[in-house]
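Open the structure in your viewer and keep the selection tool ready. We will go from stop to stop, and each stop tells you what to select.

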Amino acid sequence: MSTIDLPTHNLARQAKQLVQFMRDEIPMARAMDIRLGDCDEDRLDLLAPLAPNVNDKGSAFGGSLVSVMTLNGWALVELALRRHGEDCDLFVGESSVHYLTPVLRDFRSEAKLSAQADWATFFRTLDTRGKARIEVVCSVPGEHGKPAATLCARFVAKRRSAQAS
């Protein structure tokens, strides 16, 4: 099972609040002007305009692409933690990025769990150990249905000390 068994009627509102939190608390997110795109229990999209993320060649700066994808993966997991009532520190443990083609316009990052990951195992491990890892894949769509950039990241959630087992 890959979805969280919680009501989804507040999902969009919670996702908007999370993106606003990111814009308020992470200066880079505000500077890159990230916005919420589509979301459901298994996927979250962030939008970013080209103008504040452009390089000297007129394409999206690689640092902006990896930053938006990393924030996107973090937001997918953070939203799931919040919806599950978990108070955790969440950080990226490792990641790899591939830049495949230049991005010449406003862009979207799409985050979802990797094929090997699922929420049930993640939350069961968090319940048992007080920390858990989950792998997320992100991509920036390019031309003709092919990705312009991809990121695979493992995020680590650790319950804050007051809740740790």
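A salt bridge is a side-chain nitrogen of Lys or Arg within 4 Å of a carboxyl oxygen of Asp or Glu. Keep that cut-off in mind for the first stops. Remember too that this is a predicted model.

**Stop 1**

Select R105 and E143. Their side chains meet in a salt bridge, with N and O 2.6 Å apart. R105 sits in the loop between strand 3 (88-99) and strand 4, and E143 sits in the loop between strand 5 and strand 6, so this pair ties together parts that are 38 residues apart in sequence.

**Stop 2**

Now select E135 and R154. They form a salt bridge, and the closest N and O atoms are 3.5 Å apart. This pair also links distant parts of the chain: E135 is in strand 5, R154 is in strand 6, and 19 residues separate them. R154 is partly exposed, at 29% relative accessibility.

Select D38, D40, R43, D45, R108 and E110. Salt bridges that share partners join these residues into one network.

Then select R35 and D33. Here the closest N and O atoms of the salt bridge are 2.8 Å apart. R35 is partly exposed, with a relative accessible area of 41%. D33 is partly exposed too, at 22%. How many salt bridges does a search of the whole structure find? It finds 16.

Why look for such pairs? Side chains of opposite charge can pair when their charged atoms come close.

**Stop 3**

Hide the side chains and show the strands. Select strand 4 (residues 107-113) and strand 5 (residues 131-141). They pair in the antiparallel sense over 4 bridges. Select K112 and look across to strand 5: V137 stands opposite.

Strand 5 and strand 6 run antiparallel, and 11 bridges join them. Pick V140 and look for its bridge partner in strand 6: the partner is A149. Follow the chain from strand 5 into strand 6. The two form a hairpin, with 5 residues between them. Select H144 in the turn: its phi is positive, at about 55 degrees.

**Stop 1: strands 1 and 2**

Select strand 1 (35-40) and strand 2 (43-48). These strands run antiparallel, joined by 4 bridges. They form a hairpin with 2 residues between them. Select D40: it stands opposite R43 in strand 2.

**Stop 2: helix 1**

Select helix 1 (residues 11-25). At 1.5 Å a residue, its 15 residues should span 21 Å, and its end C-alpha atoms are 21 Å apart, so the two values agree.

Which residues of helix 1 are buried? They are L11, A15, L18, V19, M22 and R23. Colour them and look along the axis. They cover an arc of only 140 degrees, so they lie on the same side of helix 1. Turn to the other side: K16 and E25 are exposed there.

What covers the buried residues? The cover includes helix 2 (27-31), strand 1, strand 2 and helix 3 (62-83).

**Stop 3: helix 3**

Select helix 3. It has 22 residues and reaches 32 Å from its first C-alpha to its last, close to the 32 Å expected at 1.5 Å a residue. Of those 22 residues, 17 are buried, so helix 3 is largely enclosed by the rest of the structure. Step just past helix 3 to G85, which takes a positive phi of about 75 degrees.

**Stop 4: the cysteines**

How many disulfides does the structure hold? It holds 0. Select C39. The nearest cysteine sulfur belongs to C138, 14 Å away. C138 is buried, at 4% relative accessibility.

Note on methods. Residues numbered from 1 in each chain as written. Predicted model: local features only at pLDDT ≥ 70, side-chain atom pairs only at ≥ 80, totals over all residues. Heavy atoms only, no water. Pairing = 2+ DSSP bridges. Buried < 20%, exposed > 50% of the residue type's maximum accessible area, 1.4 Å probe, protein only. Expected span 1.5 Å × (residues − 1). Arc of directions from axis to C-beta. Contact = heavy atoms within 4.5 Å. Disulfide = S-S within 2.5 Å.
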